[in-house]
Structure formats: C-alpha cells, structure tokens
Amino acid sequence: MNLKNVRCMMKNKINLLLTSCLFVFGVQQISAKEIYTCTTNGKTVYQGKPCAGSKELTDKVQKAQNQEKSRQAALERESAERAARKEPKIGMIKTEAEKSTWGYPDKINTTTTASGVNEQWVYKWGKYQSRYLYFKNNILTTIQN
C-alpha cells in the first residue's frame, strides 16, 4: 500500500467520523425538544406543545401577555418622554437644552475669552445642513436654524 492510498483511507475514515458525529448531535437536538402527553377525547396524544387547558399552556400564555404588557409600557414611557421634551428656548441652561427636542449635539466648539466661555453646539440636520445653539457662560443666547 502506498502513501497516497493510506491518506485516502484516512480521509474517508475522518469524513465518516464527522458525518456520524453530526448525525448523533442532530438527533440529540431533536430529542431535546419537549414532548407533551395529552389526553384528548379519551385518547393519549403526544405533541410538541402544551396540552389545551394545561398549566404549562396557561403559564406560556401568561408569560407572553406579561412580555407584551412590558413592551407596551416601555413604548408609552418613551412616548411620554418625547412629548415632554421642549424646543430649545433662549435662557435655557445647557442641561435643559440637552433634554430638549434637539438632544445632545453632534459637535461642541468652545471659545474662552476674558468675558467668559462661549460654546457653539452643532447639530447635523439632513444631509448638508446644520443647526446651532450658542451658549455664553452656560446660558443659551442664540438659536440658528
């Protein structure tokens, strides 16, 4: 037997081993699914879902309903927070402007002078436009659309 034949045999054995492993793992995954034994009209039925009227089914439905209620509550909170936001107004301080409908800026340019600190907040608006808020010593003094 030459070296080429030995390599070919080894390759075939490895392929067979890999195929066997995949089959065994696949069968284990299929059998890992829950099987429910139900009695319907006096007959025993095996199925992959909880029996009608069973505690398991009631629990599953209750869990799904609770998840949906939580999701709805989160959406309502988010909607209320959005509705509570105000447009930026002259006289606001920076933290109020952050909570406005404009939110936190894309960029902040700061200039420090003898009379204090000036900030320009830059908001990207659309593809080529920007909006600006100008602060002097933490107070909103100018809004530029």
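A: Start with the parts list. The chain has 3 helices and 6 strands. Keep in mind that this is a predicted model.

Q: How much of the chain counts as buried?
A: Of the 145 residues, 15% count as buried. The chain exposes about 11900 Å². Carbon and sulfur atoms supply 57% of that area.

Q: What share of the contacts joins residues 24 or more positions apart?
A: Take the contacts in the chain with a separation of 6 or more. Residues 24 or more positions apart account for 23% of them.

Q: How many disulfides does a search of the whole structure find?
A: First the general idea. A disulfide is a covalent bond between the sulfur atoms of two cysteines. Here the search finds 1 disulfide. Cys 38 and Cys 51 form it, with their sulfur atoms 1.8 Å apart. The angle about the S-S bond is -90 degrees, and the link is left-handed.

Q: Which parts does the pair of Cys 38 and Cys 51 tie together?
A: Cys 38 lies in strand β1, residues 36–40. Cys 51 lies in the loop between β2 (43–47) and α2 (55–84). The two parts are 13 residues apart in sequence, so the pair ties them together across that gap.

Q: Are Cys 38 and Cys 51 buried or exposed?
A: Cys 38 is buried, and Cys 51 is buried too.

Q: What about helix α2? Which residues is Glu 56 in contact with, leaving aside its neighbours within four places in sequence?
A: Glu 56 lies in helix α2. Leaving those neighbours aside, Glu 56 is in contact with Tyr 36 and Pro 50. Glu 56 and Tyr 36 are 20 residues apart in sequence. From C-alpha to C-alpha they are 9.7 Å apart in space. Glu 56 is partly exposed, with a relative accessible area of 43%.

Q: Next, backbone angles. Which phi does Asn 41 have?
A: Begin with the general rule. Most residues other than glycine have a negative phi. Asn 41 is not a glycine, yet its phi is positive, at about 50 degrees. Asn 41 lies in the loop between β1 and β2. At 78% relative accessibility, Asn 41 counts as exposed.

Q: Where is Asn 138?
A: Asn 138 sits in the loop between β5 (129–136) and β6 (139–144). Its phi is positive as well, at about 80 degrees, although Asn 138 is not a glycine. Asn 138 is partly exposed, with a relative accessible area of 36%.

Q: Now the strands. How many bridges join β4 to β5?
A: 8 bridges join β4 (residues 116–125) to β5, and the two strands run antiparallel. One place to look is Tyr 123, whose bridge partner in β5 is Arg 131. β4 and β5 form a hairpin with 3 residues between them. Gly 126 in that turn has a positive phi of about 75 degrees.

Q: How many bridges pair β5 and β6?
A: β5 and β6 pair over 5 bridges, in the antiparallel sense. Tyr 134 stands opposite Thr 142 in β6. This hairpin has 2 residues between its strands, and Asn 137 in the turn has a positive phi of about 50 degrees.

Q: Is Glu 119 buried or exposed?
A: Glu 119 is found in strand β4. At 13% relative accessibility, Glu 119 counts as buried. The cut-off for buried is under 20%.

Q: With which side chain does the side chain of Glu 119 make a polar contact?
A: The partner is the side chain of Lys 94, at 3.2 Å.

Q: Last, the rings. How many aromatic pairs are there?
A: A pair of aromatic rings is described by the distance of the centres and the angle of the planes. The count comes to 4 aromatic pairs. In one of them, the rings of Trp 121 and Phe 135 have centres 4.5 Å apart and planes at 50 degrees, so the pair is tilted. Trp 121 is in strand β4 and Phe 135 in strand β5, 14 residues apart. Both are buried. Ring pairs link Tyr 104, Trp 121 and Phe 135 into a cluster.

Key: Residues are numbered from 1 along each chain as its sequence is written. This is a predicted model: local features need pLDDT of at least 70, side-chain atom pairs count only at pLDDT 80 or more; totals for chains, interfaces and linings use all residues. Side-chain values use heavy atoms; hydrogens and water are left out. A disulfide is a pair of cysteine sulfur atoms within 2.5 Å. Helices (H or I, at least four residues) and strands (E, at least two) are DSSP runs, numbered from the N terminus. Buried means under 20% relative accessible area, exposed over 50%, partly exposed in between (1.4 Å probe, protein chains only). Two strands pair if DSSP finds at least two bridges between them. A polar contact is a pair of N or O atoms within 3.5 Å; within protein, one must be able to donate a hydrogen and the other to accept it, and residues adjacent in sequence count only if both atoms are side-chain atoms. Contact means heavy atoms within 4.5 Å. Accessible areas come from the Shrake-Rupley method with a 1.4 Å probe; for residues, only the protein chains shown count as cover. Rings of Phe, Tyr and Trp (its six-membered ring) pair if their centres lie within 6.5 Å; planes under 30 degrees apart count as stacked, over 60 as edge-to-face and the rest as tilted.
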